[in-house]
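Here are my notes on this structure, as numbered points. Please read them with the model open beside you.

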Amino acid sequence: MRTDDLIKALDADARSKAMPLQSAWWMAAGAAAVIAAIVFLLTIGPRPDFMVAAHTMRFLSKFVFTIVLAVSAFALIRALSTPGAPTSSAMAGMIAAPLLVALAVVLELLAVPEADWGTRMVGSNMMICMGFIPLIGIGPLAIFLWMLRYGAPTRPVLAGAVAGLLAGGLAATFYAAHCFDDSPLFVATWYTIAIAFLALLGALGGRFFVRW
Amino acid sequence: MTGKDEAELSRLMRAAIAGDEKAYADFLRRIAALVRGFVRRKIVQGGVDPEDVVQETLLAIHVKRHTWRQDAPVLPWVYAIARFKLIDAFRRRGRRIEIDVDDIAETFAEPEQESVSERDINRALDGLSPAQRSVVSAVSVEGQSIGETAAKFGISETAVRVSLHRGLAAIAKRFGQGRFGRE
(Lines give C-alpha, C1' and ligand atoms only; values in the text may rest on other atoms or scores of the structure.)
Protein backbone atom coordinates (compact mmCIF):
# COMPACT_ATOMS: atom_id res chain seq x y z
CA MET A 1 0.00 0.00 0.00
CA ARG A 2 1.36 3.39 -0.94
CA THR A 3 1.45 6.13 1.66
CA ASP A 4 -1.00 8.22 -0.39
CA ASP A 5 -3.45 5.31 -0.32
CA LEU A 6 -3.07 5.02 3.44
CA ILE A 7 -3.82 8.73 3.77
CA LYS A 8 -7.05 8.19 1.80
CA ALA A 9 -8.12 5.54 4.31
CA LEU A 10 -7.20 7.68 7.33
CA ASP A 11 -9.02 10.64 5.86
CA ALA A 12 -12.15 8.57 5.24
CA ASP A 13 -12.06 7.70 8.95
CA ALA A 14 -11.68 11.35 10.00
CA ARG A 15 -15.13 11.52 11.51
CA SER A 16 -14.52 8.82 14.12
CA LYS A 17 -14.30 10.41 17.54
CA ALA A 18 -12.58 9.54 20.78
CA MET A 19 -12.75 11.36 24.10
CA PRO A 20 -9.84 13.82 24.48
CA LEU A 21 -7.15 12.20 26.61
CA GLN A 22 -7.06 15.00 29.17
CA SER A 23 -10.79 14.72 29.92
CA ALA A 24 -10.48 10.93 30.05
CA TRP A 25 -7.78 11.26 32.71
CA TRP A 26 -10.11 13.18 35.02
CA MET A 27 -12.82 10.56 34.59
CA ALA A 28 -10.30 7.81 35.26
CA ALA A 29 -9.14 9.58 38.42
CA GLY A 30 -12.74 9.83 39.63
CA ALA A 31 -13.44 6.16 38.87
CA ALA A 32 -10.21 5.10 40.58
CA ALA A 33 -11.07 7.10 43.71
CA VAL A 34 -14.52 5.52 43.85
CA ILE A 35 -13.10 2.00 43.50
CA ALA A 36 -10.47 2.67 46.16
CA ALA A 37 -13.14 4.07 48.50
CA ILE A 38 -15.39 1.04 48.01
CA VAL A 39 -12.59 -1.46 48.67
CA PHE A 40 -11.48 0.56 51.70
CA LEU A 41 -14.94 0.81 53.25
CA LEU A 42 -15.77 -2.86 52.58
CA THR A 43 -12.55 -4.09 54.16
CA ILE A 44 -10.88 -2.04 56.90
CA GLY A 45 -12.73 1.30 56.99
CA PRO A 46 -11.65 4.39 58.96
CA ARG A 47 -10.40 4.06 62.52
CA PRO A 48 -13.09 4.58 65.23
CA ASP A 49 -11.43 7.67 66.72
CA PHE A 50 -11.05 9.36 63.33
CA MET A 51 -12.59 12.67 64.47
CA VAL A 52 -10.35 12.89 67.53
CA ALA A 53 -7.25 11.90 65.59
CA ALA A 54 -8.04 14.57 63.02
CA HIS A 55 -6.88 17.14 65.58
CA THR A 56 -3.37 15.78 65.80
CA MET A 57 -0.48 16.93 63.62
CA ARG A 58 0.95 13.47 63.04
CA PHE A 59 -2.33 12.04 61.82
CA LEU A 60 -2.96 14.96 59.46
CA SER A 61 0.60 14.93 58.14
CA LYS A 62 0.00 11.46 56.66
CA PHE A 63 -2.67 12.89 54.38
CA VAL A 64 -0.41 15.73 53.33
CA PHE A 65 2.24 13.23 52.18
CA THR A 66 -0.12 10.91 50.35
CA ILE A 67 -2.22 13.63 48.72
CA VAL A 68 0.87 15.53 47.57
CA LEU A 69 2.20 12.28 46.08
CA ALA A 70 -1.08 11.58 44.28
CA VAL A 71 -1.44 15.13 42.94
CA SER A 72 2.14 15.32 41.66
CA ALA A 73 1.94 11.84 40.11
CA PHE A 74 -1.35 12.77 38.42
CA ALA A 75 0.24 15.84 36.82
CA LEU A 76 3.23 13.80 35.64
CA ILE A 77 1.27 10.88 34.24
CA ARG A 78 -0.92 13.19 32.18
CA ALA A 79 2.21 14.71 30.65
CA LEU A 80 3.89 11.32 30.13
CA SER A 81 0.88 9.95 28.28
CA THR A 82 0.96 12.82 25.76
CA PRO A 83 3.70 12.64 23.10
CA GLY A 84 5.97 15.67 23.06
CA ALA A 85 4.46 17.25 26.18
CA PRO A 86 7.01 18.93 28.46
CA THR A 87 7.60 16.79 31.56
CA SER A 88 10.46 18.47 33.42
CA SER A 89 8.39 20.62 35.79
CA ALA A 90 6.00 17.75 36.59
CA MET A 91 9.05 15.51 37.08
CA ALA A 92 10.53 18.04 39.53
CA GLY A 93 7.19 18.10 41.36
CA MET A 94 7.62 14.42 42.20
CA ILE A 95 10.26 15.35 44.74
CA ALA A 96 7.74 17.27 46.90
CA ALA A 97 6.25 14.26 48.72
CA PRO A 98 9.61 12.60 49.58
CA LEU A 99 10.95 15.98 50.76
CA LEU A 100 7.97 16.51 53.06
CA VAL A 101 8.35 13.01 54.48
CA ALA A 102 12.08 13.55 55.02
CA LEU A 103 11.39 16.83 56.80
CA ALA A 104 8.77 15.18 59.03
CA VAL A 105 11.20 12.34 59.84
CA VAL A 106 13.82 14.86 60.96
CA LEU A 107 11.28 16.68 63.15
CA GLU A 108 10.11 13.37 64.62
CA LEU A 109 13.69 12.32 65.42
CA LEU A 110 14.16 15.65 67.21
CA ALA A 111 10.86 15.39 69.09
CA VAL A 112 11.03 11.78 70.22
CA PRO A 113 13.72 10.26 72.53
CA GLU A 114 16.10 7.90 70.77
CA ALA A 115 14.89 4.92 72.80
CA ASP A 116 11.44 5.18 71.18
CA TRP A 117 12.60 5.46 67.59
CA GLY A 118 12.48 1.69 67.06
CA THR A 119 8.95 1.13 68.37
CA ARG A 120 7.65 4.15 66.45
CA MET A 121 9.10 2.84 63.23
CA VAL A 122 7.95 -0.75 63.66
CA GLY A 123 4.50 0.36 64.87
CA SER A 124 1.72 -2.16 65.24
CA ASN A 125 0.24 -2.37 61.76
CA MET A 126 3.02 -2.91 59.31
CA MET A 127 1.68 -6.13 57.82
CA ILE A 128 -1.79 -4.59 57.41
CA CYS A 129 -0.18 -1.53 55.87
CA MET A 130 1.83 -3.53 53.37
CA GLY A 131 -1.16 -5.67 52.53
CA PHE A 132 -3.91 -3.12 52.25
CA ILE A 133 -2.19 -0.29 50.40
CA PRO A 134 -1.53 -2.62 47.44
CA LEU A 135 -5.00 -4.16 47.80
CA ILE A 136 -6.76 -0.78 47.72
CA GLY A 137 -4.40 0.43 44.98
CA ILE A 138 -4.60 -2.50 42.57
CA GLY A 139 -7.95 -1.47 41.03
CA PRO A 140 -6.84 2.13 40.47
CA LEU A 141 -3.54 0.86 39.02
CA ALA A 142 -5.43 -1.26 36.49
CA ILE A 143 -7.47 1.80 35.46
CA PHE A 144 -4.37 3.96 35.10
CA LEU A 145 -2.54 1.33 33.02
CA TRP A 146 -5.57 1.06 30.80
CA MET A 147 -5.49 4.85 30.46
CA LEU A 148 -1.84 4.69 29.41
CA ARG A 149 -2.89 2.34 26.62
CA TYR A 150 -5.55 4.85 25.64
CA GLY A 151 -2.87 7.55 25.64
CA ALA A 152 0.46 7.39 23.86
CA PRO A 153 3.34 7.26 26.36
CA THR A 154 6.72 7.36 24.61
CA ARG A 155 8.33 6.07 27.83
CA PRO A 156 5.91 3.29 28.81
CA VAL A 157 7.95 1.79 31.65
CA LEU A 158 8.43 5.14 33.38
CA ALA A 159 4.77 6.03 32.80
CA GLY A 160 3.76 2.66 34.26
CA ALA A 161 5.85 3.28 37.37
CA VAL A 162 4.22 6.69 37.79
CA ALA A 163 0.81 4.99 37.42
CA GLY A 164 1.88 2.82 40.37
CA LEU A 165 2.90 5.88 42.41
CA LEU A 166 -0.43 7.53 41.62
CA ALA A 167 -2.36 4.41 42.63
CA GLY A 168 -0.14 4.17 45.73
CA GLY A 169 -0.74 7.78 46.74
CA LEU A 170 -4.47 7.33 46.31
CA ALA A 171 -4.58 4.02 48.20
CA ALA A 172 -2.36 5.34 50.99
CA THR A 173 -4.66 8.33 51.45
CA PHE A 174 -7.49 5.95 52.28
CA TYR A 175 -5.33 3.59 54.26
CA ALA A 176 -4.02 6.49 56.40
CA ALA A 177 -7.57 7.01 57.69
CA HIS A 178 -7.51 3.49 59.08
CA CYS A 179 -3.99 3.20 60.45
CA PHE A 180 -3.14 3.95 64.10
CA ASP A 181 0.56 4.36 63.40
CA ASP A 182 0.88 8.07 62.77
CA SER A 183 4.60 8.52 63.28
CA PRO A 184 6.50 9.77 60.22
CA LEU A 185 9.04 7.03 61.00
CA PHE A 186 6.36 4.41 60.33
CA VAL A 187 5.04 6.20 57.24
CA ALA A 188 8.50 6.72 55.76
CA THR A 189 9.24 3.00 56.08
CA TRP A 190 6.14 0.95 55.44
CA TYR A 191 4.07 3.24 53.25
CA THR A 192 7.13 3.65 51.06
CA ILE A 193 7.60 -0.10 50.70
CA ALA A 194 3.92 -0.64 49.90
CA ILE A 195 3.83 2.19 47.36
CA ALA A 196 7.12 1.06 45.81
CA PHE A 197 5.57 -2.35 45.27
CA LEU A 198 2.73 -0.75 43.31
CA ALA A 199 5.24 1.32 41.33
CA LEU A 200 7.11 -1.88 40.43
CA LEU A 201 3.88 -3.56 39.33
CA GLY A 202 3.08 -0.45 37.29
CA ALA A 203 6.49 -0.49 35.60
CA LEU A 204 5.97 -4.14 34.65
CA GLY A 205 2.51 -3.31 33.34
CA GLY A 206 4.03 -0.46 31.34
CA ARG A 207 6.60 -2.79 29.86
CA PHE A 208 4.30 -5.61 28.84
CA PHE A 209 0.81 -4.15 28.61
CA VAL A 210 1.22 -0.58 27.35
CA ARG A 211 1.92 -1.02 23.64
CA TRP A 212 0.79 1.29 20.91
CA MET B 1 10.24 23.83 9.99
CA THR B 2 9.15 27.31 10.84
CA GLY B 3 6.71 28.97 13.18
CA LYS B 4 4.45 29.51 10.17
CA ASP B 5 4.41 25.75 9.47
CA GLU B 6 3.50 25.11 13.06
CA ALA B 7 0.64 27.60 13.10
CA GLU B 8 -0.74 26.35 9.77
CA LEU B 9 -0.51 22.66 10.76
CA SER B 10 -2.12 23.28 14.16
CA ARG B 11 -4.93 25.10 12.40
CA LEU B 12 -5.44 22.22 9.95
CA MET B 13 -5.45 19.68 12.75
CA ARG B 14 -7.98 21.67 14.77
CA ALA B 15 -10.21 21.93 11.69
CA ALA B 16 -9.77 18.18 11.08
CA ILE B 17 -10.83 17.33 14.61
CA ALA B 18 -13.86 19.56 14.15
CA GLY B 19 -14.82 17.36 11.18
CA ASP B 20 -13.17 19.02 8.15
CA GLU B 21 -12.00 16.06 6.02
CA LYS B 22 -10.23 18.22 3.48
CA ALA B 23 -8.16 19.86 6.21
CA TYR B 24 -7.31 16.41 7.54
CA ALA B 25 -6.08 15.13 4.16
CA ASP B 26 -3.99 18.30 3.83
CA PHE B 27 -2.58 17.86 7.30
CA LEU B 28 -1.68 14.21 6.75
CA ARG B 29 0.05 14.88 3.42
CA ARG B 30 2.17 17.66 4.87
CA ILE B 31 2.97 15.63 7.97
CA ALA B 32 3.93 12.64 5.78
CA ALA B 33 6.46 14.82 3.94
CA LEU B 34 7.94 16.19 7.17
CA VAL B 35 8.14 12.77 8.82
CA ARG B 36 9.67 11.27 5.65
CA GLY B 37 12.46 13.85 5.78
CA PHE B 38 12.98 13.26 9.49
CA VAL B 39 13.10 9.48 9.18
CA ARG B 40 15.42 9.50 6.16
CA ARG B 41 17.88 11.69 8.02
CA LYS B 42 17.83 9.31 10.98
CA ILE B 43 18.18 6.04 9.05
CA VAL B 44 21.76 6.14 7.81
CA GLN B 45 22.24 2.43 7.18
CA GLY B 46 19.81 0.02 5.57
CA GLY B 47 17.55 -2.53 7.12
CA VAL B 48 14.69 -0.26 8.08
CA ASP B 49 12.60 1.08 5.22
CA PRO B 50 11.87 4.76 5.90
CA GLU B 51 8.47 4.54 4.22
CA ASP B 52 7.36 1.79 6.63
CA VAL B 53 8.15 4.10 9.52
CA VAL B 54 6.30 6.98 7.81
CA GLN B 55 3.21 4.79 7.44
CA GLU B 56 3.36 3.52 11.01
CA THR B 57 3.71 7.09 12.25
CA LEU B 58 0.71 8.28 10.23
CA LEU B 59 -1.42 5.45 11.59
CA ALA B 60 -0.33 6.21 15.15
CA ILE B 61 -1.06 9.90 14.63
CA HIS B 62 -4.51 8.93 13.40
CA VAL B 63 -5.51 6.52 16.17
CA LYS B 64 -3.90 8.69 18.88
CA ARG B 65 -5.08 12.10 17.71
CA HIS B 66 -7.21 12.44 20.87
CA THR B 67 -3.92 12.72 22.80
CA TRP B 68 -3.05 16.04 21.17
CA ARG B 69 -4.01 19.06 23.28
CA GLN B 70 -5.51 21.61 20.97
CA ASP B 71 -3.80 24.46 22.83
CA ALA B 72 -0.35 22.87 22.43
CA PRO B 73 1.91 23.05 19.33
CA VAL B 74 1.33 20.10 17.01
CA LEU B 75 4.85 19.52 15.64
CA PRO B 76 6.51 18.42 18.92
CA TRP B 77 3.63 15.94 19.25
CA VAL B 78 4.15 14.66 15.69
CA TYR B 79 7.92 14.29 16.05
CA ALA B 80 7.62 12.56 19.43
CA ILE B 81 5.39 9.94 17.79
CA ALA B 82 7.72 9.62 14.78
CA ARG B 83 10.74 9.15 17.04
CA PHE B 84 8.92 6.51 19.08
CA LYS B 85 7.94 4.58 15.95
CA LEU B 86 11.45 4.86 14.53
CA ILE B 87 13.02 3.44 17.69
CA ASP B 88 10.41 0.69 17.60
CA ALA B 89 11.38 -0.18 14.03
CA PHE B 90 15.08 -0.38 14.94
CA ARG B 91 14.31 -2.52 17.96
CA ARG B 92 12.24 -4.95 15.91
CA ARG B 93 14.89 -5.19 13.27
CA GLY B 94 17.53 -6.00 15.87
CA ARG B 95 15.40 -8.79 17.20
CA ARG B 96 14.65 -10.17 13.76
CA ILE B 97 18.31 -10.23 12.77
CA GLU B 98 19.14 -12.27 15.86
CA ILE B 99 16.53 -14.94 15.40
CA ASP B 100 15.47 -15.17 11.76
CA VAL B 101 17.86 -17.47 9.96
CA ASP B 102 15.10 -18.76 7.71
CA ASP B 103 14.50 -15.33 6.28
CA ILE B 104 17.89 -15.32 4.61
CA ALA B 105 17.20 -18.55 2.74
CA GLU B 106 13.84 -17.21 1.71
CA THR B 107 15.36 -14.02 0.40
CA PHE B 108 17.87 -15.92 -1.71
CA ALA B 109 15.16 -18.16 -3.08
CA GLU B 110 12.78 -15.40 -4.07
CA PRO B 111 14.59 -12.15 -4.69
CA GLU B 112 11.67 -10.71 -6.65
CA GLN B 113 9.66 -10.53 -3.41
CA GLU B 114 11.39 -7.23 -2.66
CA SER B 115 8.76 -4.88 -4.00
CA VAL B 116 6.09 -2.47 -2.91
CA SER B 117 3.93 -5.40 -1.85
CA GLU B 118 6.51 -6.16 0.83
CA ARG B 119 5.43 -3.13 2.88
CA ASP B 120 4.83 -3.90 6.53
CA ILE B 121 1.33 -2.48 6.25
CA ASN B 122 0.38 -5.06 3.63
CA ARG B 123 1.31 -7.86 5.99
CA ALA B 124 -0.69 -6.15 8.74
CA LEU B 125 -3.60 -5.86 6.31
CA ASP B 126 -3.46 -9.61 5.72
CA GLY B 127 -4.19 -10.14 9.40
CA LEU B 128 -7.56 -8.37 9.27
CA SER B 129 -10.92 -10.09 8.99
CA PRO B 130 -12.02 -10.48 5.33
CA ALA B 131 -14.72 -7.80 5.70
CA GLN B 132 -12.35 -5.25 7.22
CA ARG B 133 -9.65 -6.06 4.70
CA SER B 134 -11.91 -5.53 1.70
CA VAL B 135 -13.25 -2.25 3.07
CA VAL B 136 -9.80 -0.88 3.93
CA SER B 137 -8.47 -1.93 0.49
CA ALA B 138 -11.43 -0.40 -1.32
CA VAL B 139 -11.05 2.96 0.43
CA SER B 140 -7.25 3.09 0.23
CA VAL B 141 -5.76 1.20 -2.72
CA GLU B 142 -8.83 1.46 -4.95
CA GLY B 143 -9.51 5.01 -3.78
CA GLN B 144 -13.26 4.60 -3.46
CA SER B 145 -15.47 6.81 -1.32
CA ILE B 146 -17.44 5.52 1.65
CA GLY B 147 -20.60 5.63 -0.47
CA GLU B 148 -19.05 3.73 -3.39
CA THR B 149 -17.68 1.11 -1.06
CA ALA B 150 -21.08 0.67 0.59
CA ALA B 151 -22.72 0.19 -2.83
CA LYS B 152 -20.01 -2.21 -3.99
CA PHE B 153 -20.42 -4.56 -1.01
CA GLY B 154 -24.15 -3.99 -0.56
CA ILE B 155 -23.82 -2.79 3.03
CA SER B 156 -24.72 0.49 4.76
CA GLU B 157 -22.35 3.46 4.93
CA THR B 158 -22.32 3.11 8.69
CA ALA B 159 -21.15 -0.49 8.35
CA VAL B 160 -18.38 0.68 6.00
CA ARG B 161 -17.29 3.34 8.48
CA VAL B 162 -17.28 0.86 11.35
CA SER B 163 -15.25 -1.72 9.39
CA LEU B 164 -12.81 0.94 8.23
CA HIS B 165 -12.35 2.34 11.72
CA ARG B 166 -11.89 -1.08 13.32
CA GLY B 167 -9.60 -2.23 10.53
CA LEU B 168 -7.31 0.80 10.90
CA ALA B 169 -7.29 0.43 14.68
CA ALA B 170 -6.39 -3.27 14.31
CA ILE B 171 -3.50 -2.47 11.94
CA ALA B 172 -2.21 0.20 14.33
CA LYS B 173 -2.43 -2.28 17.19
CA ARG B 174 -0.49 -4.93 15.30
CA PHE B 175 2.20 -2.36 14.57
CA GLY B 176 2.32 -1.50 18.26
CA GLN B 177 2.85 -5.11 19.17
CA GLY B 178 5.32 -5.73 16.38
CA ARG B 179 3.20 -8.67 15.23
CA PHE B 180 2.98 -8.13 11.50
CA GLY B 181 6.26 -9.63 10.36
CA ARG B 182 7.07 -13.22 9.51
CA GLU B 183 7.21 -14.88 12.92
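1. Among contacts in chain B between residues at least 6 apart in sequence, what percentage join residues at least 24 apart? The figure is 64%. Two residues are in contact if their C-beta atoms, placed from the backbone, lie within 7 Å.

2. A word on the source. This is a predicted model, in which local features need pLDDT of at least 70 and side-chain atom pairs count only at pLDDT 80 or more, while totals for chains, interfaces and linings use all residues. Residues are numbered from 1 along each chain as its sequence is written, and chains are lettered from A and ligands numbered from 1 in the order in which they are written.

3. Chain B has 9 helices and 0 strands. Its pattern along the sequence is α-α-α-α-α-α-α-α-α. Helices (H or I, at least four residues) and strands (E, at least two) are DSSP runs, numbered from the N terminus.

4. Chain B has 183 residues, and 32% of them count as buried. Buried means that 20 or more other C-beta atoms lie within 10 Å of a residue's own, with C-beta atoms placed from the backbone.

5. Chain B is assigned domain 1 (1–99) and domain 2 (111–183). Such bounds come from an automatic or database domain assignment. Domain 1 of chain B gives 9 residues to the contact, and domain 2 of chain B gives 10. On the domain 1 side, helix 3 (50–63) and helix 4 (75–99) of chain B each give two or more residues.

6. Now the two chains. Their contact takes 29 residues from chain A and 40 residues from chain B. On the chain A side, helix 1 and helix 2 (21–42) each supply at least two residues. Helix 1 of chain A gives the largest share, 9 residues. By class, the chain A side has 15 nonpolar, 8 polar and 6 charged residues. Ala, Val, Leu, Ile, Met, Phe, Trp, Tyr, Cys and Pro count as nonpolar, Asp, Glu, Lys and Arg as charged, and the others, Gly among them, as polar.

7. Look at one helix pair. Helix 1 (residues 3–12) of chain A packs with helix 2 (residues 21–42) of chain B at an angle of about 145°, their axes 10 Å apart. Axes are lines fitted to C-alpha atoms, for helices over the stretch in contact, and angles run from 0 to 180 degrees between N-to-C directions. Residues in this contact include Ile7(A) and Leu10(A) from chain A, and Tyr24(B) and Leu28(B) from chain B. The contact residues divide into 6 nonpolar, 1 polar and 3 charged.

How values were computed: A residue is buried if 20 or more other C-beta atoms lie within 10 Å of its own, exposed if 12 or fewer, and partly exposed in between; C-beta atoms are placed from the backbone.
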